[in-house]
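Hi everyone, thanks for coming. Let me put today's model up on the screen before I talk you through it.

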Amino acid sequence: MKAYNIYISGVGGQGIITTSVVIGEAAMKAGQEVLLSEIHGMAQRGGGVSTELKIGPSHSSIIAEGTADLLISFEPLEALRALPKISKNTHVVMNTAKILPFNIQGSENPYPPVTDIVEEMKSKSKDVKGLDAVEIAKKAGSILSVNMVMLGAALNVPGFPMDKKRLVESIEANFSEKTVPINIKAFEEGFGKFS
Amino acid sequence: MNLNDILTGKENDKLFLLGNEAAVRGAIEAGVKVAATYPGTPSSEIGNVLHLLAKEAGIYFEFSINEKVAMEVAAAAAASGVRSFTFMKHVGLNVASDSLMSAVYTGVRAGMVILTADDPSMYSSQNEQDTRYYARLANLPLLEASSPQEIKDFMIEAFQISEAFQIPVLVRTTTRISHMRGIVKLGPVEKRPEKGFFQKDPQRFVPVPATARIMHQNLVQKMEKITKIMENSPLNKEYSRDGNVGIISTSSAFNYCLDVVEEDEIPLKMLKLGFSYPFPEKTVLNFLNSVERVIIAEEVDPIMEKEVLAIIGKHGLDIEVNGKLDGSLPLTHEYTPDLVREAIYKILGLKMDSLLIQESDIPLPNRPPTLCPGCPHRASYYAVKKAAEELKLSDVIHPTDIGCYTLGIASPYESADYLLSMGSSIGTSCGFSKATDQPVVSFIGDSTFFHAGIPPLINGVHNKSRFVVVILDNRTTAMTGGQPHPGLPIDGLGDPAPEISIEDLVRASGVSYLQTINPLNIKKAVETFKEALQDQGVAVVIAKQPCVLLKKTQKRGTAHLVVTDDCDDCGECLSTLACPALYQGDGQVEIDPLICRQCNVCVQTCPQDAIKGKKRRANK
């Protein structure tokens, strides 16, 4: 049995590590093996960030190219950057709200139109689910809950190796009591988007 | 997860821990009573977690002024019979190495473990040196972990070896292992006394020529004894046993190899060396005798590979070795699963199923890390440039230092011209001022100034150099996540502590010009830098303004900045500040209110005076 590989990409500060820990702890509590690779330090200062989750038997925490089962991208451009990790069979859940790189002004390549990005992703994967997670998070009560919107949306992917109950428990365990309700709401809104 | 679980977790509990968090649990289980560090990624989170837990865990913990002092604090504790733990990034061990070399001679009474985290591929470092050489240079035992569970378990093993042989033990991790999160099964916590007693024994603890000669002989004998026991160490073990080709590996490289062997069901014999120095000659010889060919997988330098070649030579074996030295694996950067898989297939002459690796057909703009919105360093860079421009100075050299301000390398700041190591901004300023007639303005952070900036500053004054030092005092050790340092009123345990004044230290060193400014006041900052640039000696400007990442300085949601209709779209703010909150909207520049921290630098620098503050509506 091979591990179920989840690649999560986005921009530093979007809550990618928290999301990964929520999934990973849920997997652990469900009795599964799990490894997570995180990026800390210099790489976080507004740069592109990714985590790699392997649920199931594995020794290294890094996903080989083309072997992600699921890509959750918190930012459109960072979905494109993750393409080497995915194959046609990879499910993609992507946020369509963009964050411009600080140096886009002098950049040789412009920021592509988001519609083009989604089309490009669709040409590389059989299943692409796009959503404006920022809009949904704002409605849920806090823009900071974009990550839980994305997690909720990802739960709709066929074969996602975790049930909803475990994830909700893990959200409750990983956020302060005060912010749990908003995060659960954001998670449910994201889930409802495709269910 | 609650970080308190690392302390309160019971035996057999399972936690989902980062490698660095597992190291803290290892220290707690081993009964460590003194711990010291200087923060450095990829080891920083060990200190962050100890900062939270040490007091309750009954551990004395400090953020030392630098790694050398951290090493000395730990060595003295272990010499007094108290288990001690010091940890640092790979280059931090360079700073600590002077005392390490002697601590290995004197030895310890209670266990002392030094954890060092290497950074292959340099995610947050200036080089990717392989710290395993230090085990050979200083002659001390070396353990290499390959998972969070192993980091915790090896810490405990390391303390046992250290105490049994009265020698410090080195535990080496890499970024991939320190920042890997995995399931860690907890063990029991050993109860040990908090205080020790230093029994004087100058023959043992004072290495002067007469005593050091004996100490070195004793060290060699200790290592011979350790070699004997480590041949049977459970940390070195064989994994799969098929085939006549073997792999010897360790740490991350081992993980990649074992994944290939298990997932692709390739018949390969595997030997993992978790206890890798002294090199287990008998264990390896035994393994070599069972294969016709051996692959050595390690990061970053071919250290084990040369050890294996020596054993093959010594015993006259006829075995082909594939590794870094024959080009099968690269000599630089970390491995990846793909790289290791491809190398193994190539060496074995196996055909790989060709997998289409997809790439974007749309050209991608980069997203490099940058100074945060509201970062006071941006203002300092701007003001220094402006000051030099107004004085018509050209070819100004900007030696820089280790910290967020290395991000000044990027356009439009271009304020990082030369960098070697912690404190090198000021040391190299001394050299530039003597070797050239160019103006020199160097940048160094507050924590880095304490760490290694004071001796070169005194050096510059005494040797009559001429340069400007800008101390970017943002009241924290920012790049590594915001740890306190001696300039702050808090210590490693979270207790109140005397605040050491940077200004007083600088004044005492006898500089000819000293000013403290708030860099966010651009006009005053430019004036001050102009004065400093005209000074004939060593001029110091302390640009004091807290880091925007410090919680108490976060200002979100009260007011925000807007670009008014006065904007003529000249683009000056975009091209000189490159602030993440500023972007080209439709028609004119706009400010993202969610990103903006209202530092007001753009307000002050806009040539059209077109940026204004605006009250936010209460319900937003």
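First, the ground rules. This is a predicted model, where local features need pLDDT of at least 70, side-chain atom pairs count only at pLDDT 80 or more, and totals for chains, interfaces and linings use all residues. Residues are numbered from 1 along each chain as its sequence is written, chains are lettered from A and ligands numbered from 1 in the order written, and side-chain values use heavy atoms, leaving out hydrogens and water.

Chain B is assigned domain 1 (5–230), domain 2 (236–348), domain 3 (376–551) and domain 4 (555–615), with bounds from an automatic or database domain assignment. Between the C-alpha centres of domains 1 and 4 of chain B there are 49 Å.

Now the helices, which are DSSP runs of H or I with at least four residues, while strands are E runs of at least two, both numbered from the N terminus. In chain B, the axes of α2 (residues 19–29) and α3 (residues 44–57) come within 8 Å and cross at roughly 35°; axes are lines fitted to C-alpha atoms over the stretch in contact, with angles from 0 to 180 degrees between N-to-C directions.

Finally, where does Q588(B) sit? Its place is the loop between β20 (582–584) and β21 (589–591) of chain B. Q588(B) counts as buried because its relative accessibility is 19%, and buried means under 20% relative accessible area, with exposed over 50% and partly exposed in between (1.4 Å probe, protein chains only). Among the residues Q588(B) touches are D565(B), C567(B) and Y583(B), not counting residues up to four places away in sequence; contact means heavy atoms within 4.5 Å.
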